[in-house]
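Keep the viewer open as you read.

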Amino acid sequence: MNQIALIIVAAGSSTRMGSQIKKEYLPLNEGTVLSETAHSFLKSAIFSSITIVIPESHELQAKKALYKNPKVNNLLLENNTSINFVIGGKTRQESVFNALTFLKKSNTKITHVLIHDGARPFISKEIIQDTIKNTIKYNASAPALIPTDTQKEIDENGFIKNHLIRKNLRAIQTPQGFNFDLIYESHSKANQDYKNNLYEFTDDTEIFDKYSNQKTYIFNGDPCNIKITYAKDLEILSNKNSTNNQKKETSMLRIGLGYDKHLLVENRKLIIAGIEIPFSKGEDGHSDGDAVLHAITDAVLGASHLGDIGSYFPDTDEKFKNADSRELLKCAWKQVKDNGWSLENLDIVIMLQEPKFLPYREKVISSIASTLNVENDRVFIKAKTGEKLGDVGKGNCIEVFASCLLSK
Ligand code: MG
C-alpha cells in the first residue's frame with residue numbers, strides 16, 4: 001500500500017516580490033496562495049500528511065493563510081491527512097532536507113513523497129495524479145515544459161558559449177515525486193557535501209540524480225503551473241484570478257422564456273409595462289392585462305425554476321382583479337432575487353399591429369428596469385406588426401415573448 005506524503009516548500013523570504021507579505025500569504029480565490037495550493041492537492045489525491053516548510057516564527061501566519069479557505073480543513077479531516085509545520089533553513093536545499101528528516105523521524109510509513117513549491121497555486125489535478133503515477137512507476141518523476149524561448153549557455157563575460165537544442169531542453173516544474181527512502185538518502189548525502197561547502201542544489205531532481213544513481217522521469221507539465229516569483233507574476237495571477245472569478249460568477253447561468261397573449265377590446269386601457277399608451281382598445285384580462293410584464297414574470301420565474309405566474313397570482317383570485325402587474329412582477333422578482341439570482345439581461349418582442357410602439361420604447365424600457373431595480377441597459381424591447389396576418393395582424397390581440405438570462 002502506497003503512503004504518499006506531500007511537502008510544500010514555503011520557507012523563502014519573497015524578497016524578489018518587493019512585497020512585505022510573503023507570496024504564499026497573498027489573497028487568491030477563496031483563500032490565499034498557500035491555501036489554494038494545499039486545496040488543489042487535497043482534492044486531487046489522498047496524502048497521508050502535508051508538511052509545510054515555513055520560516056522561523058511564521059507558524060501562526062502560515063496557519064492563518066492555510067485555513068483561510070475552510071475547504072482545506074474539511075478535506076484534511078475527510079481524508080484523514082495530518083498537517084505539520086517544519087522550520088526551513090537558509091536555502092531551499094536545507095528546507096527540504098529539514099522536512100524529509102522530520103518525516104523520517106515521524107513514526108509513519110511513507111513510501112513516496114511529492115515536493116511542491118508553495119508559490120505554485122495553479123497546479124492541476126492531472127499534473128498531481130501524473131506525478132504520483134509516474135513516481136510509483138519510476139521512483140522519481142517531475143513535470144516540465146519545453147522552453148518557448150531558444151536557450152543559450154553563456155560564458156562569464158556574457159557571450160554565447162553554447163547554442164542549446166531547444167527540443168532537448170526542459171524547464172522543470174513541481175511537484176517532483178520521489179521514492180521516499182531514495183530521496184531521503186540522496187538528500188542526506190547532499191547535506192554532507194553542502195555542509196562541507198562542496199555543492200548547493202536548488203532542485204531535488206538534481207540531488208536525486210547525483211546521489212541515487214537513478215534517473216528522474218520527465219513528463220509534460222502545464223504552462224498554467226506558474227511559480228509566483230516577481231511582482232509581474234502577481235499581475236498574471238490577478239488576471240487569471242479575475243478570469244477564474246468571472247468563470248465562477250457565470251458558472252450558474254439560466255435562460256428563461258415567457259409568453260403572453262391578451263385580447264384587445266374596447267373600454268380597456270392599453271398598458272405596456274405600466275405605461276399607458278393612447279389607443280382605442282386595450283388588453284382584456286383579470287388584472288390590468290399588461291402582457292409584457294406577464295411574459296417577463298414568467299421568464300424570470302421559469303429561469304429560476306420557481307414556478308409560473310399562474311401559480312403565484314391565479315386569475316381566479318379576486319385579490320388580483322385589475323391588479324397593477326408591476327406589483328405582481330416586483331413580488332415574483334423578489335422571490336427570484338431571494339434565491340440568489342440576478343438579471344444579466346432581458347429581451348422582449350411585442351407582436352402588435354397598432355399603435356406604433358417605437359415612440360414609447362425608451363419609456364417602457366425605463367419602466368421595466370425600475371420595476372426590476374436594474375440598469376436600463378439590461379433591458380431591450382422591440383415591436384413587430386403581424387403583417388396584417390392572423391389575430392395579431394387583424395388587431396385582435398397583443399402577443400409578447402420575453403427571454404431573460406439570470407446568473408448566480
Ligand atoms: Mg397575462
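## A helix and its surroundings

In this predicted model, helix α5 covers residues 125-138, and its 14 residues should span 20 Å at 1.5 Å a residue; the end C-alpha atoms are 20 Å apart, so expectation and model agree. Which residues of α5 are buried? They are Ile127, Ile128, Thr131, Ile132, Asn134 and Thr135. An α-helix has 3.6 residues a turn, so residues three or four places apart point the same way. The cover over the buried residues of α5 includes one helix, α1 (33-42), along with strands such as β1 (4-9), β6 (112-117), β7 (140-145), β11 (176-179) and β12 (217-220). Just past the end of α5, Asn139 adopts a positive phi of about 75°.

## A five-stranded sheet

Now to the sheet. Five strands form an open sheet in the order β16-β13-β19-β17-β18, and their pairing is mixed. Its edges are β16 and β18, each of which pairs on one side only. From one strand to the next, the twist averages 20°.

Helix α9 (residues 291-303) packs on this sheet and touches β13, β16, β17, β18 and β19; the directions of α9 and β13 make an angle of about 155°.

Within the sheet, β17 and β19 run antiparallel and are joined by nine bridges. Leu343 stands opposite Leu406 of β19.

| Strand | Residues |
|---|---|
| β13 | 253-266 |
| β16 | 281-283 |
| β17 | 342-351 |
| β18 | 379-384 |
| β19 | 397-407 |

Technical notes: Residues are numbered from 1 along each chain as its sequence is written. This is a predicted model: local features need pLDDT of at least 70, side-chain atom pairs count only at pLDDT 80 or more; totals for chains, interfaces and linings use all residues. Side-chain values use heavy atoms; hydrogens and water are left out. Helices (H or I, at least four residues) and strands (E, at least two) are DSSP runs, numbered from the N terminus. The expected span of a helix is 1.5 Å times one less than its number of residues. Buried means under 20% relative accessible area, exposed over 50%, partly exposed in between (1.4 Å probe, protein chains only). Contact means heavy atoms within 4.5 Å. Two strands pair if DSSP finds at least two bridges between them. Axes are lines fitted to C-alpha atoms, for helices over the stretch in contact, and angles run from 0 to 180 degrees between N-to-C directions.
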